[in-house]
Amino acid sequence: MNDSDTLINVKEIIKGLNEKQIEAVKITDGPVLVISGPGSGKTRCLTHRVAYLIYQGILPENILAVTFTNKASGEMRERVEKLLGSPSASSTSSEQASSGRFMTTPQIGTFHSIGLKILRNEAPQLGYRRNFTVFDEDDQLGLLKRVMGDLEIDAKSFNPKIILYKISELKTQLIFPENHEPKDYYSEILAKIYKKYQQELKDLNAVDFDDLIVLPVKIFKQNSETLTKYQEMWKYILVDEYQDTSHDQYVLISLLAQKYRNLFCIGDDAQSIYQFRRADIRNILNFQKDYPEAKVVMLEQNYRSTKNIITAAQEIISKNKNQIQKSLWTENNHGEKILVAETINERHEAGFVISRMEDLMKSGLGAKDFAVLYRTHAQSRAIEEALIMSGFPYQIIGGLKFYERKEIKDILAYLKLVVNPTDSLALERIYNVPTRGIGKSIIEKVRNNSEKNIVAALAVSLESKNLPPRQLTAVTDFHKLLTDIGEISEKKNLREIIKYIIKKINYEDYLREFSLSKTGDYENLEDRMENLKELQTVASKYDDLSGKEGVEKFLEEVALLQHTDKLRNDPDRITLMTIHASKGLEFPVVFIIGMEEGLFPHSRTTYNPHELEEERRLCYVAITRAKDHLILTYTKYRRIFGSSSATLPSRFIGEIPVACADWQMIDDFDADDKIYY
DNA sequence: CTGTCGTTTATTTTT
DNA sequence: TAAACGACAG
């Protein structure tokens, strides 16, 4: 590649970026912190930087880009490929000549997928086998309950969910069972549980989500050769959403970047809304302390929203003390004023939202242009009911995720046993699904013999002949079933294995039975059958892999994937979701409902200044989702936990500058629509 | 083992 | 209000 080609390409990469973005893209060496306000072109900045690095001659395989979600990394990968792959209109035939350089690709992935990648290679250093299973939250809780049961710790005085949260907290702080010094009674109990939990995980040859980050850190700390290997591999590191990194993720990145210090972090402290998930805002606030030589670039121009919206957002966030000073601005029009509406109760509120939508639709907007945001899931119901009545198509983001559904988890449990026959948690899920007359007591007996491999353990129990006849047949059949599945998975591909399992255990009949509710209706049966089909469709991606390999790859993908939005390709729907779920998205029209003290900010945060600041950031995120129209509603009375009580408007409403908004009391928005309330 | 009945508890949840 | 869980009887 000659100079003029490079020049053309660089020009191409930089085209359409603003001055600040160009600056962020072009500082290739040394630490860089980019503070990117909402709608300031963050993803563009990231992707163009990756492309720029590569055009500067940096090998793609030396680049690591880390995101938080699969969606974000997918998007990034796609856009980088586009930038690199398709020859630009003005470029010459350099494409062929340079294409050899693109044989390798940059490593783009989520924190957890990167951690998993490292761990698959290095886990033996810590005594794990390479085919370990990744536990999701359900698995973790199941294991924890078992551990607590074994330790005879009462689940009433020690809530397993809280214990799990505490363990995770310790892990995130990189406190391991061996270096943990409990200082009071509670933490002593906790330490005991933690220790056993971690040991059991290892015995099951399993890791939890935290381990995916924490264990690589552990390896890097104890083996400098391994660390060096990865430092040499990833000389250029980019981190997206840096404000959301937790301590362990921060350490992981710090270790990797230590040698070459080419660390590019982008994020927005004002959009940090995951501290309850252990995001540590200090990571971004202290970046310049950690890297005194760091360059800082501020992306403050907003391309998304009207001036009114930006002004309101800016004003609200300015009430927070802990933040990096910045001021958003936009060249967009002032636009319409923000509408703040007082309604009577949640049904009235819902009715009002819909009548506003109807009005806006008259001016040419479609369902997909609307989003209704709320603080808590429970608020979606009133809106949903009103939408059903009005007949508008809608989708709710969140709720039960695809891979968390019973029918999916059941089948996955069978598959897990194929790959990791020591996964007794998977066994616990399905030993009696479908009903086959095997209960807890039998499984206890089986688990008590020293054989860790479940199929083998079953065989041993059969040998020992200390089972009554009916149980003996049940266990014999079950053992045969597992062996058969094992055999099939040697010969067939994933899709056929799944099909085989479903058929062999009569799963559809079982589901039918299971879905039959007291009222005699089949509850969700269609959905469930649909999901089974969907599962097989996803599985067909692995058709050309051999059985076991396909199962492994598939389970891996599933473990790291949150297959939330099946409806996403459905083009024209009103979107309902929590504010948290809305981060990173934008809509022409945004409704934020339930703007009341105690709901938003949530009552559990109002006494803690830090948590209150997070609520305010949440409000900032919500407001900045809107491009053109922003409507905030609150009710005078709201039903909470059954009983209705009077409420006060959210303090955030009072923080909106008067000039940006119209206040309205909605008494009667449309005489015909009284049915709504 | 299975179903029922009472008790408990109610933010947000990128992986 | 409602759903989710655990205890207990069948």
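A: This is a predicted model, in which local features need pLDDT of at least 70, side-chain atom pairs count only at pLDDT 80 or more, and totals for chains, interfaces and linings use all residues. Residues are numbered from 1 along each chain as its sequence is written, chains are lettered from A and ligands numbered from 1 in the order in which they are written, and side-chain values use heavy atoms, with hydrogens and water left out. Strands β6 (residues 236-239) and β7 (residues 263-267) run parallel and are joined by three bridges. Strands are DSSP E runs of at least two residues and helices are H or I runs of at least four, numbered from the N terminus.

Q: What stands opposite V239 in β7?

A: C265 does.

Q: And what is the strand order of the open sheet?

A: The six strands follow the order β3-β2-β6-β7-β1-β8, with parallel pairing; two strands pair if DSSP finds at least two bridges between them. At the edges are β3 (107-110) and β8 (295-299), each of which pairs on one side only.

Q: Which strands does helix α4 lie across?

A: Helix α4 (residues 70-85) lies across β2 (63-67) and β3.

Q: New topic: is D210 buried or exposed?

A: D210 is buried, meaning under 20% relative accessible area with a 1.4 Å probe, protein chains only. This residue lies in helix α10 (residues 209-222).

Q: What does D210 contact, leaving aside neighbours within four places in sequence?

A: D210 is in contact with S168, K171, T172 and D248, where contact means heavy atoms within 4.5 Å.

Definitions and conventions:
Axes fitted to C-alpha atoms, helices over the stretch in contact; angles between N-to-C directions. Buried < 20%, exposed > 50% of the residue type's maximum accessible area, 1.4 Å probe, protein only. Lys, Arg positive; Asp, Glu negative; His and termini not counted. Salt bridge = Lys/Arg side-chain N within 4 Å of Asp/Glu carboxyl O.
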